[in-house]
Amino acid sequence: MSSYIHDDVLESLPGKMQQTDIYMTGNEEVNDSPIEEVRLTVPITDDPSQPALTFRTWVLGLASCCLLAFVNQFFSYRQNQLSVGSVSAQILVLPMGKLMAATLPTKVVRFPSTNWTFSLNPGPFNLKEHVLITIFASCGASGVYAVSIITIVKAFYHRSLHLVAAMLLAQTTQLLGYGWAGLFRKYLVDSPYMWWPANLVQVSLFRALHEKEKRSKGGVTRLQFFLIVFITSFAYYIMPGQIFASLTSLSFVCWIWKDSVLAQQLGSGLHGFGIGSFGLDWSTVAGFLGSPLATPLFAIVNILIGFFLFLYVLVPIAYWTNTYEARKFPIMTSKTYDSTGKNYKISRILNEKTFDLNQAAYDNYSKLYVSVLFAFTYGLSFATLMASISHVALFEGQAIWKMWKKTTTAAKDQFGDVHTRMMKKNYKAVPQWWFYTILILTVILSIYSLEGFGKQLQLPWWGLLFACVMAFFFTLPVGIIQATTNLQPGLNVITELVIGYMIPGKPLANVAFKTYGYISMSQALSFLSDFKLGHYMKIPPRSMFIVQLVGTIAASTVYFCTSWWLLTSIDHICDQSLLPVGSPWTCPSDEVFYNASIIWGVVGPRRMFTKEGIYPELNWFFLIGLLSPVPVWLLLRKFPEKKWLKLIHMPMIMAGGSGMPSARAVHYLSWGAVGIFFNYYIFKKYKGWWARHTYILSAALDAGVAFMGVLLYFSLQSHEIYGPSWWGKDTDDHCELAKCPTAPGIEVKGCPVF
């Protein structure tokens with residue numbers, strides 16, 4: 001839903017590195033880096049003799065990649081999702097690598113009938129191995145967007161999808177970005193002015209983990225702290241994961257006023273405004289919005305401002321003034337409805353054989369309605385995209401333009417900073433034909449997956465090529481923005497909008513085009529960011545390329561296999577009306593993806609966001625978003641001494657509520673409370689503890705929940721054992737009346753009629 005990806009992690013760096021301004025320096029600095037933050041963080045030393053792509057790298061890297069891919073896809077179908085990041089693997093593999101270095105024999109193994117040999121133990125576990133293992137892990141943690149297409153086809157549309165076509169879709173959408181990465185590598189990696197600020201946190205963490213650490217008297221090492229928190233989190237999650245599922249959302253207002261629809265709408269953390277609700281489950285805190293411990297305070301505050309303005313100002317006004325007939329429908333839902341307030345029967349307007357819109361049936365049935373909250377999240381998506389472009393142009397445009405001019409000059413003159421010169425001197429570059437080969441093969445396989453197998457994915461070959469053109473066109477400008485500001489304006493809204501007008505009535509064509517156009521660009525920037533991390537850490541580029549390629553293929557395979565296994569083994573997965581009581585397999589994000597395929601694909605933007613539909617006024621959000629950074633920019637020019645004005649970030653504020661309705665009020669409130677407590681109170685009062693333990697605390701909590709969740713599934717839930725039958729068993733907050741419509745005459749089972 002969100003068209004904006006924020007990663008402003010620089011706020012968590014100490015000292016001057018917290019500043020997000022782009023610093024320009026004269027020629028006297030070129031012997032190091034022209035960027036001050038890079039000079040302060042990245043060492044200018046290297047030891048080319050250190051082995052990188054070792055036996056340990058392959059074993060720990062592939063294991064981390066596959067484990068994270070399995071855990072993240074496994075949890076993505078559950079009521080409270082959990083996304084385990086690569087930082088968990090980054091911390092865990094360090095002692096494991098050292099253990100392998102201490103115990104494995106130094107025996108040299110020769111491959112049969114070849115001269116290729118390798119050592120099981122080439123010496124002490126080193127930083128370069130650690131970086132490559134983390135790159136492997138990040139491939140497993142990054143997700144496979146195309147899996148949502150497979151899910152909605154099988155679990156929501158209840159149609160068959162050829163196994164090979166589905167597998168090729170998952171693989172090719174991830175690999176297509178390699179082509180764009182290769183084309184723009186010289187500008188976005190080799191240039192010292194494209195500095196990718198987010199990587200500096202990783203560099204800092206690697207350096208901290210590899211510094212020698214002595215346990216203070218009465219204290220614990222960072223590894224010991226990780227293990228203590230991990231065991232605690234692992235043991236505790238048996239409560240919300242199996243015994244007391246209602247801990248995920250405690251909504252006391254509902255329990256006090258059991259018969260009041262209004263009170264339950266106000267108090268429900270899952271189905272309403274969440275006033276007074278909270279969760280005692282780490283997956284409630286971090287499942288949808290990521291870990292608040294790793295999110296800078298200014299980002300948390302901006303997001304919460306946007307959330308409060310959206311949920312507690314805009315939505316209530318629209319709902320209680322009955323805008324778009326809002327009171328016919330629940331407040332907090334991503335479902336689609338007809339004009340009578342009943343669930344929209346998509347089967348009534350779809351041609352069964354061709355799986356596209358039956359215009360006559362649509363005209364005789366009803367226009368498509370959504371909850372007022374869901375409608376305005378699309379408005380937020382429009383506004384966020386435009387606000388991101390406007391914000392970057394106003395606040396960073398001049399600096400980006402200066403850097404870009406220096407970059408083109410540097411590329412022409414083959415100039416680079418000390419890091420570029422060291423990399424070119426010590427290591428062989430990746431041949432350009434490697435990237436071109438992957439690009440050509442991926443395009444061929446993509447066309448085969450689309451045109452073959454009965455054209456199940458509906459997107460014609462020219463649609464794929466047009467998606468590639470869009471991705472190619474946007475990769476460089478968006479890459480420049482991300483490499484200098486940490487902002488990535490997303491293309492999901494634009495791709496949905498364009499293909500929705502070009503090929504209306506075909507849901508899978510819409511989501512396939514969006515995935516090939518948007519995700520291939522996003523993947524390219526992810527690859528380039530990792531290449532820059534390897535550039536800073538002096539990793540051989542060919543080793544980086546191999547790890548990224550193998551990691552991407554392995555992760556895509558595991559994501560696909562996990563998804564296919566769950567979709568074919570869990571009865572009624574994603575169908576809340578047929579799932580057993582207490583079942584966590586509700587697929588909240590995939591439900592949003594499914595309804596987006598109806599809105600943009602089946603019905604199409606022309607029948608939704610023009611005068612033919614219900615919501616033409618939402619197009620004003622494009623203009624609102626474009627203009628929203630201007631007042632802040634003007635105030636900053638008039639009052640430059642007011643440094644706090646720089647912290648007002650309109651794209652983040654616009655995106656504040658855009659995680660809904662997948663994320664609910666209780667998720668935002670719990671996330672914000674934990675984030676402010678640690679990143680304001682603890683940071684201010686116990687800064688030393690915060691700097692030493694915060695990231696490790698986040699990783700340990702993630703890992704404990706993940707391992708217990710998987711253990712509970714295989715030991716109990718896969719055998720349909722969901723815990724004792726009692727009030728607290730439900731993965732719900734017991735606010736059933738919050739889901740009731742309040743318009744006169746609308747009848748819904750279990751709800752009063754007004």
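Colleague: In which loop is asparagine 322 found?

Modeller: This is a predicted model, in which local features need pLDDT of at least 70, side-chain atom pairs count only at pLDDT 80 or more, and totals for chains, interfaces and linings use all residues. Residues are numbered from 1 along each chain as its sequence is written, and side-chain values use heavy atoms, with hydrogens and water left out. Helices (DSSP runs of H or I, at least four residues) and strands (runs of E, at least two) are numbered from the N terminus. Asparagine 322 is found in the loop between α14 (297–320) and β4 (336–337).

Colleague: How far apart in space are asparagine 322 and threonine 742?

Modeller: In sequence, asparagine 322 and threonine 742 are separated by 420 residues. In space, their C-alpha to C-alpha distance is 9.8 Å.

Colleague: Is phenylalanine 252 buried, partly exposed or exposed?

Modeller: Phenylalanine 252 lies in helix α11. Buried means under 20% relative accessible area and exposed over 50%, with partly exposed in between (1.4 Å probe, protein chains only). Because its relative accessible area is 39%, phenylalanine 252 is partly exposed.

Colleague: At roughly what angle do the axes of α21 and α22 cross?

Modeller: Axes are lines fitted to C-alpha atoms, for helices over the stretch in contact, and angles run from 0 to 180 degrees between N-to-C directions. The axes of α21 (residues 507–537) and α22 (residues 541–569) come within 10 Å. The contact (heavy atoms within 4.5 Å) involves residues including Phe527 and Phe531 of α21 and Met544 and Phe545 of α22. The two axes cross at roughly 145°.
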